[in-house]
Amino acid sequence: MYRIPRLLPSLFIVLILTISISGCHKNDGQVLFKMEYDQLMNVPGGLNTVETYSFLIQNIPTNFNQLLSTFNVSAAAIMNIRPGSIRLNDDFNQFDFIKVEKISLLASKPNFINEVEIGYLEPVPLVSANSLQLFPTLVDGSDIFTGEKFNLKLKIKLRNFNPANTNLRLRVAMNAVNK
């Protein structure tokens with residue numbers, strides 16, 4: 001009777017795992033260009049810790065067609081438009097982000113259709129300075145950012161009372177990724 005060597009089944013398993021792992025790779029595509037937006041917003045004083053406050057920035061030009069021509073890219077070459085970096089800054093040191101419990105940024109078409117979350121931070125660290133980096137989501141915002149204009153909604157839940165007005169700068173970068 002013929003006996004299979006003990007090492008052969010182990011080699012077979014290693015070979016199968018190697019082939020299956022090498023075949024599983026995610027093709028994220030290449031970033032063709034970044035769509036960057038810089039917006040100022042005012043957070044009024046007197047906000048409490050009970051409610052979640054929404055701050056709207058409406059009718060922001062996407063500049064999509066100008067970016068296509070600047071980078072010599074066809075709209076058909078874009079697979080999706082994903083959130084990149086999202087940063088909220090207090091340029092004048094008026095606001096301490098330790099007061100914020102959670103924060104979320106949503107984007108939508110001008111008529112508020114297809115609202116999607118593009119960034120969030122929950123809970124906000126207790127050692128925040130005058131800048132917050134939000135985590136980008138994995139959403140595809142192509143239907144929003146290929147139009148003429150879009151809206152942003154910043155939702156803030158406070159953990160401490162906000163006594164004074166604050167001016168914040170919101171910087172958003174969206175990545176146009178190829179197929």
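The chain exposes about 10800 Å², and carbon and sulfur atoms supply 57% of this area (Shrake-Rupley method with a 1.4 Å probe; for residues, only the protein chains shown count as cover). The model is a predicted one, in which local features need pLDDT of at least 70 and side-chain atom pairs count only at pLDDT 80 or more, while totals for chains, interfaces and linings use all residues. Residues are numbered from 1 along each chain as its sequence is written, and side-chain values use heavy atoms, with hydrogens and water left out. Of the 179 residues of the chain, 36% count as buried (buried, under 20% relative accessible area; exposed, over 50%; partly exposed, in between; 1.4 Å probe, protein chains only).

Three helices and eight strands are found in the chain (DSSP runs numbered from the N terminus, with H or I over at least four residues for helices and E over at least two for strands). From the N terminus on, the elements follow the order α-β-β-α-β-β-β-β-α-β-β. Among contacts between residues at least 6 apart in sequence, 81% join residues at least 24 apart (contact, heavy atoms within 4.5 Å).

The eight strands form an open sheet with antiparallel pairing, in the order S1-S8-S3-S6-S5-S4-S7-S2 (two strands pair if DSSP finds at least two bridges between them). Its edge strands are S1 (31-43) and S2 (52-61), each of which pairs on one side only. On average, neighbouring strands of the sheet are turned by 25 degrees against each other, direction ignored (axes are lines fitted to C-alpha atoms, for helices over the stretch in contact, and angles run from 0 to 180 degrees between N-to-C directions). Strands S4 and S7 (residues 149-158) run antiparallel and are joined by eight bridges. Ser-108 stands opposite Asn-151 in S7.

The largest nonpolar core holds 41 residues, of which Phe-33, Met-35, Ile-103, Leu-105, Phe-145 and Leu-152 touch the most other members (nonpolar core, a set of buried Ala, Val, Leu, Ile, Met, Phe, Trp, Tyr and Cys residues joined through side-chain atoms within 4.5 Å). Beyond residues up to four places away in sequence, the contacts of Leu-152 include Phe-55, Leu-105, Ile-118 and Val-172.

Two loop positions were examined. Lys-99 is placed between strand S3 (78-89) and strand S4 (100-108) and counts as buried, at 18% relative accessibility. Leaving aside residues up to four places away in sequence, Lys-99 touches Leu-158, Arg-159, Asn-160, Phe-161, Asn-162 and Pro-163. Gly-147 is in the loop between helix H3 (142-145) and S7 and is partly exposed, with a relative accessible area of 29%. With the same exclusion of residues up to four places away, Gly-147 touches Thr-62 and Phe-64. The C-alpha atoms of Gly-147 and Phe-64 are separated by 7.2 Å, although these residues are 83 residues apart along the chain.

Three salt bridges are present (a side-chain nitrogen of Lys or Arg within 4 Å of a carboxyl oxygen of Asp or Glu). Asp-38 pairs with Arg-169, the closest N and O atoms being 3.0 Å apart. Asp-38 lies in strand S1 and Arg-169 in strand S8 (residues 166-178), so the pair ties together parts that are 131 residues apart in sequence. A salt bridge also joins Arg-171 to Asp-38, with closest N and O atoms 3.4 Å apart. Asp-38 is partly exposed at 40% relative accessibility. Glu-115 and Lys-153 meet through their side chains in a salt bridge (3.2 Å, N to O).
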